[in-house]
Amino acid sequence: MGYSHGISWNEKLIEKTLIGIVEKNKLKTFPTHKQMNEITGSMALTNAVSRHGGTRYWANKLGLEIKPCESKLGEDYEFKCMEFIKHLGYRCEKMPVRYPYDLLVENNIKVDVKCGNLYKGAAGEYYTFNLEKKKPTCDLFVCFCLNNDRVEKVFVIPSCELSGKTQLSVGKIKSTYDKYIEEWDYLHLYDVFYDSLRKGC
């Protein structure tokens with residue numbers, strides 16, 4: 001199978017290409033980004049997968065498990081985020097797998113943790129995150145920007161800012177979302193808000 005770098009990706013083409021990769025290479029799990037890049041010779045397919053629903057969406061669509069190492073990466077950062085939030089003085093618990101959000105802070109604030117790898121495209125270098133749902137089920141997104149497993153920056157973004165999006169891309173050097181870098185104060189704002197609701201009941 002040949003792979004063109006300049007094609008226009010849509011869901012039908014992504015599905016056909018992924019199925020071809022899985023069948024030709026006799027894969028038992030959903031292909032990792034590294035496998036897709038090596039097989040196709042570019043990052044075009046991985047970028048398309050990220051823009052159109054993300055790894056979990058396509059793995060579920062094709063009925064394939066995600067390779068344990070990729071699932072573990074996301075879970076590792078959920079624990080890292082949980083420990084950091086506890087260090088800030090908040091109670092925090094990790095929710096079960098397949099829960100609509102990842103962490104629950106002070107028994108009220110719902111947090112989704114995302115990891116985004118660095119990509120290089122025509123528009124420059126950027127990190128991309130799969131938000132998966134157009135209608136968020138959390139209060140805050142905590143997005144870790146990774147470059148070879150090194151955290152380069154962390155965004156703390158209110159979910160209302162990303163409503164309607166299934167994909168978040170932020171530039172490595174500059175982004176309109178930079179105002180949300182390390183904005184952990186949102187935990188306090190939400191905590192005060194939920195506390196005021198309890199007192200009003």
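## The S4–S7 pairing

Strands S4 (residues 124–130) and S7 run antiparallel to one another, joined by five bridges; two strands are said to pair when DSSP finds at least two bridges between them. Within this pairing, Tyr126 sits opposite Gly171 of S7. S7 itself covers residues 167–171, and four of its five residues are buried, where buried means under 20% relative accessible area with a 1.4 Å probe, protein chains only.

This is a predicted model, so to speak plainly about what counts: local features need pLDDT of at least 70, side-chain atom pairs need 80 or more, and totals for chains, interfaces and linings use all residues. Numbering starts from 1 along each chain as its sequence is written, and side-chain values use heavy atoms, with hydrogens and water left out.

## Overall layout

The chain has six helices and seven strands, in the order α-α-α-α-α-β-β-β-β-β-β-β-α. These are DSSP runs numbered from the N terminus: H or I over at least four residues for helices, E over at least two for strands. With a radius of gyration of 18 Å against 17 Å from the globule rule for 201 residues, the chain is as compact as a globular protein of that length. That radius is taken over C-alpha atoms, and the rule is 2.2 Å times the number of residues to the power 0.38.

## Burial and contacts

Of the 201 residues, 43% are buried. As for contacts (heavy atoms within 4.5 Å), take those between residues at least 6 apart in sequence: 57% of them link residues at least 24 apart.

Technical notes:
Buried means under 20% relative accessible area, exposed over 50%, partly exposed in between (1.4 Å probe, protein chains only).
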